[in-house]
Amino acid sequence: MSVANKKTKLKSLQRRGSYLAHAANQIQFLEKDHLQGERFSEKLKSQGLFPLTPTKLEILQLNLGYMCDLTCEHCHVDAGPDRKEIMTKETLDQILRVVDQSQVSTVDLTGGAPEMNPHFLWLVEELSDRNVKTIIRSNLTILVSNKKFRTYPDFFKKHRVEVIASLPCYTQENVDKQRGSGVFNKSIEALKLFNSLGYGVEGTGLSLHLVYNPGGAGLPPDQTQLEQDYKVRLKEDWGLVFNHLYTITNLPISRYLDFLLAAGKYEAYMSTLIESFNPLAAEKVMCRNTLSIDWEGYMYDCDFNQMLQLKVANKQQHVKDFQVQTINQRSIVLGQHCYGCTAGAGSSCQGSLA
Ligand code: SF4
Ligand code: SF4
């Protein structure tokens, strides 16, 4: 069992040779936990929500690779500078054919740090030509740490890309603790750059949203109230503005699972998620209108299922064989980790759900 100690803290689970680097071992752990509470699928059955089926495919979320300049403690991707998995141009060409065929309205780019994919700029231009809404999930630091990426915010503006940026607190202490020393100051520098271009500024139509996830082993606080707190603190302390704050629950996957186990908080956290089940959130989970695609082109119901290697429950699992009808008719693959999306106010890549 891997324990996050000081010596190994800045490496991915994969580089540490951790037992939890393997999806099958994580699943074994998570599914054993059902002894503590009802299985997620049973819970949905009791609400008349099983099998969970898609509504209509609206969002393609592309994981452009697991490489990242940071190694955050809670990363469910197990991303980091030592991860080399990167989506190829061939796979991106296959995905663009899906964009054309499926008429999705939004393509959401994530990673790792998606900016580090060598085909990133080309991809954004291709999406812009197709008039689909493009979202970039940026960790902010990548944009100011390396000269190569400093021009990217201007490029985002040119293509009207929506920016969703991680900032798990408005204090330096909490951000640096979760994401690494110096991350807070670099994040503020990048946010200032975005504001100077009009991002987050009312009336410009340039969207800049922030993402909060809890530092410890609890659920996020009320999203509306926390957004207000962020707005006041970032304005007063740094003169910064942004549009919305998305609160996201940490799912017990990968490095967050490792964190919970090392802290002896895994069972208590799972109990909290299970006891806080909210049927209103369950109806709106993001896998119903989103499809996640990994760096090799395999399809998943969401980024979390991707990290657990739970591919879509279809005969065709690779994007080269994509058919919109079969994707819209699939049953969503569920597990105990799904309680993370339905606890309290619910959680998705667009924040709370209920
Ligand atoms: S949480 Fe985001 S920024 Fe941090 S290591 Fe993971 S992918 Fe990179
Ligand atoms: S973890 Fe994925 S599959 Fe499960 S409820 Fe959440 S979004 Fe849906």
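Let's start at strand β7 (residues 290-293), where T290 and S292 point one way, L291 and I293 point the other way, and all of them are buried. That's the pattern you'd look for, because side chains in a regular strand alternate between the two faces of the sheet. Keep in mind as you click around that this is a predicted model.

From β7 you can walk in two directions. One way lies β8, joined to β7 by two bridges and running antiparallel to it. S292 has Y300 as its bridge partner in β8. The two strands make a hairpin with five residues between them, and in the turn sits G297, with a positive phi of about 95°.

Keep going and β1 (residues 59-63) hands over to β2, with five bridges between the two and a parallel run. Q61 stands opposite D108 in β2. The bridge partner of V107 in β3 is T134. To get from β2 to β3 the chain passes through helix α5 (residues 120-129), and this β-α-β crossover is right-handed.

How enclosed is β3 (residues 133-138)? Five of its six residues are buried, so the rest of the structure largely encloses the strand. On its other pairing, β3 goes with β4 in the parallel sense, again over four bridges, and S138 stands opposite A165 in β4.

Now zoom out to the whole sheet. It is open, has eight strands in the order β6-β5-β4-β3-β2-β1-β7-β8, and its pairing is mixed. At the edges are β6 (245-247) and β8 (299-300), each of which pairs on one side only.

Helix α9 (residues 183-196) has 14 residues, which at 1.5 Å a residue should span 20 Å; the end C-alpha atoms are 20 Å apart, so the two agree. Its buried residues are V183, F184, K186, S187, I188, A190, L191 and F194. What do they pack against? Among the partners are the strands β4 (162-166) and β5 (208-212), along with helices including α8 (172-179) and α10 (223-238). After α9 comes G198, with a positive phi near 105°.

There are also two ligands to look at. Around ligand 1 there are 14 residues, of which C68, C72, C75, A79 and N139 come nearest. That shell divides into seven nonpolar, six polar and one charged. Ligand 2 has a shell that includes the cysteines C287, C302, C338 and C341, as well as D301, N305 and H337. Its residues split into nine nonpolar, two polar and one charged.

Finally, take a look at F29, which lies in helix α2 (residues 23-32). Is F29 buried, exposed or partly exposed? It has 18 other C-beta atoms within 10 Å, so it counts as partly exposed. For a sense of distance, F29 and Q225 are 196 residues apart in sequence and 35 Å apart in space, C-alpha to C-alpha.

Methods
Residues numbered from 1 in each chain as written. Chains lettered and ligands numbered in written order. Predicted model: local features only at pLDDT ≥ 70, side-chain atom pairs only at ≥ 80, totals over all residues. Expected span 1.5 Å × (residues − 1). Buried ≥ 20, exposed ≤ 12 C-beta atoms within 10 Å, placed from the backbone. Contact = placed C-beta atoms within 7 Å. Near = placed C-beta within 6 Å. Nonpolar A, V, L, I, M, F, W, Y, C, P; charged D, E, K, R; others polar. Pairing = 2+ DSSP bridges. Right-handed = clockwise from strand over helix to strand, strands pointing away.
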